[in-house]
Amino acid sequence: MQRELNFSGPSPILYLVATPIGNLSEWSPRAIETVKDADYVACEDTRHSGELLSRFNIDKQLISCHEHNEEQAGEYIVSLLKDGKKVCYMSDAGYPAISDPGSRLVKRCLENGIKVSTISGPNAALNALASSGLDSTHFYFHGFLPPKSNERKKELEQLSGKGETIIFYEAPHRIEATLKEVYSVLGNRQACLARELTKTHEEFIRGDLESLSKLDSSTLRGEMVLIVAGFTGGKEVSEEDIRLALKDALKGGLKGKEAISEVCDRLDVKKNRVYEIYLKEFRS
């Protein structure tokens, strides 16, 4: 074991710089100063990062370091750091190494006695979780599910018993299939789909997995964060379960409020959820 304070001592240091996930105003003064002070900026996409730097009037030599060349680029970055050069690394949006390239670079640096420090910034998973309305006491970040359906279902089955709130990332071209499979495997849990975070068209779609699985995918643009309630150990109550229970209660002679109250007690679901279904299905 070797201990050395990150900001003192002789060892070089790699800075991981979190970048804006949409709104450029969220790039912190410390992040900007760190990039300005660097000799080299390694990045996932030189064109994307070059545009970001130009918005802040920063001109630096860029090094491409992405998923497919991280091993080779990492070797070069380590050599620069050992030669006394200041290097920072940025992925396209959010934190490097969190569902983004960077973890192999960090590992290589640590193996070579190079310290690593992260410059804080925006994070889509935490933004979505905080605003979702779901329990944030304990949560599990899963990131992207596999693109192939059979692999995706297998991973979801492994997650089905988790009691923590689960956070997924998803791309717009796969969101329809993912929502249907999450509903199919995990059951009808409460969930929130967040998209275009920090941008002009930011949207939080809150409901249950059944209703989210029926969304028109053509209206779902931008990068997605899906927040799903954890497993509670009981049977999940679907929208159809509530609709049928309301139908029975109304046929039995109960009025609207009485029927809603009866269904809430019988199925142990929240009143606002039953009320929304009542308005949609039975209020003329």
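Guide: Happy to; we will take the rings, then a strand, then the charged side chains.

Two notes on the ground rules come before the contacts. This is a predicted model, in which local features need pLDDT of at least 70 and side-chain atom pairs count only at pLDDT 80 or more, while totals for chains, interfaces and linings use all residues. Residues are numbered from 1 along each chain as its sequence is written, and side-chain values use heavy atoms, with hydrogens and water left out.

Let's start with the rings. A pair of aromatic rings is described by the distance of the centres and the angle of the planes. Here, rings of Phe, Tyr and Trp (its six-membered ring) pair if their centres lie within 6.5 Å; planes under 30 degrees apart count as stacked, over 60 as edge-to-face and the rest as tilted. By this rule there are three aromatic pairs. One of them joins W27 and F56 edge-to-face, with 5.1 Å from centre to centre and 65° between the planes. W27 lies in the loop between strand 1 (13-17) and helix 1 (29-37), and F56 in the loop between helix 2 (46-55) and strand 3 (61-64), so this pair ties together parts that are 29 residues apart in sequence. Helices (H or I, at least four residues) and strands (E, at least two) are DSSP runs, numbered from the N terminus. As for solvent, buried means under 20% relative accessible area, exposed over 50%, and partly exposed in between (1.4 Å probe, protein chains only). On that scale W27 is buried at 4%, and F56 is partly exposed at 21%.

Next come F141 and Y169, another edge-to-face pair, at 5.1 Å between centres and 75° between planes. F141 belongs to strand 6 (residues 139-144) and Y169 to strand 7 (residues 165-170), so the contact ties together parts that are 28 residues apart in sequence. F141 is partly exposed, with a relative accessible area of 29%, whereas Y169 is buried at 10%. F144 comes in as well: ring pairs link F141, F144 and Y169 into a cluster.

A ring can also meet a charge. A charge sits over a ring if NZ of Lys or CZ of Arg is within 6 Å of the ring centre and within 35 degrees of the ring normal. K162 lies over the face of Y140, 4.5 Å from the ring centre.

Two strands pair if DSSP finds at least two bridges between them; strand 1 and strand 5 do so in the parallel sense, over five bridges. Within strand 5, S117 is the bridge partner of Y15.

Now to the charged side chains. A salt bridge is a side-chain nitrogen of Lys or Arg within 4 Å of a carboxyl oxygen of Asp or Glu, and the structure holds 12 of them. In one, E181 and R152 meet at 2.6 Å, N to O. E181 lies in helix 7 (residues 175-186) and R152 in helix 6 (residues 149-159), so this bridge ties together parts that are 29 residues apart in sequence. Both E181 and R152 are buried.

The bridge of E210 with K214 has its closest N and O atoms 3.7 Å apart; E210 is buried at 7% relative accessible area, while K214 is exposed at 58%. R266 and E262 meet at 3.3 Å, N to O. They are four residues apart in helix 10 (residues 256-267), which separates them by about one helical turn. R266 is partly exposed at 46% relative accessibility, and E262 is partly exposed at 33%.

What does a buried charge without a salt bridge have as its nearest side chain of opposite charge? Take E44, in the loop between strand 2 (40-43) and helix 2. E44 is buried with no salt bridge, and the nearest side chain of opposite charge, R104, is 10 Å away. In that count Lys and Arg are positive and Asp and Glu negative; His and the chain ends are not counted. The side chain of E44 does reach the backbone nitrogen of D92, at 3.0 Å. That is a polar contact: a pair of N or O atoms within 3.5 Å, where within protein one must be able to donate a hydrogen and the other to accept it, and residues adjacent in sequence count only if both atoms are side-chain atoms.

We finish in helix 7, with K180. K180 is partly exposed, at 40% relative accessible area, and a polar atom of its side chain lies 3.0 Å from the backbone oxygen of S213.
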